[in-house]
Amino acid sequence: MTNNAFDKFGIDHLSASSINLFISNPSLWIVRYLLKIKWEGNPATARGTASDNAVGYFLTSRNTKKPLSKLQCINKATKDFVRLTDYQREHNEYGIDEDKATKEKSLLPSFVETSIDF
């Protein structure tokens, strides 16, 4: 039996995000990293991730010869949302709420536009 907690729970390294999660929410950290229970998200988390990605696309492209327009970023965010919700459909034990997916997808353009403007 080892006294090394990292070996005991199969933790190879601590990423910045895992350390931040431990600081902000130790209980969730235990569920994810010790009990190995992961949640694949829902349509709202997909919308949030896709919106965040769109802002990243916009800001990163500003220093290039062809900066992306808001519409191009919205289109990229929509593709990200579809990819993420497809993944959730496949990996979530109970699937996803399709009505919420439709609603979140319809809200995506306004979230992206507001975020970029801000």
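Let me start with a definition: helices (H or I, at least four residues) and strands (E, at least two) are DSSP runs, numbered from the N terminus. With that in hand, read along the sequence: the protein chain follows the pattern α-α-α-α-α-α. That is six helices and zero strands.

A word on the source. This is a predicted model, where local features need pLDDT of at least 70 and side-chain atom pairs count only at pLDDT 80 or more, while totals for chains, interfaces and linings use all residues. Residues are numbered from 1 along each chain as its sequence is written, and side-chain values use heavy atoms, with hydrogens and water left out.

Now the overall form. Along its principal axes, the C-alpha trace spans about 55 × 35 × 20 Å.

How much of the chain is buried? Buried means under 20% relative accessible area, exposed means over 50%, and partly exposed lies in between (1.4 Å probe, protein chains only). Of the 118 residues, 25% count as buried.

Next, contacts, meaning heavy atoms within 4.5 Å. Take those between residues at least 6 apart in sequence: 61% of them join residues at least 24 apart.

On to salt bridges. A salt bridge is a side-chain nitrogen of Lys or Arg within 4 Å of a carboxyl oxygen of Asp or Glu. The whole structure has five salt bridges.

One of them joins D117 and K70, with the closest N and O atoms 2.4 Å apart. Which helices does this pair link? D117 sits in helix α6 (residues 98-117) and K70 in helix α5 (residues 70-91). K70 is partly exposed, at 29% relative accessible area.

Now look at R89. Its side chain meets D86 in a salt bridge, at 2.9 Å from N to O. R89 and D86 are three residues apart in helix α5, which means about one helical turn separates them. R89 also forms a salt bridge with E98, at 2.8 Å from N to O. Together, D86, R89 and E98 are linked in a network of salt bridges.

Where do these side chains stand on accessibility? R89 is partly exposed at 35%, D86 is partly exposed at 42%, and E98 is partly exposed at 39%.
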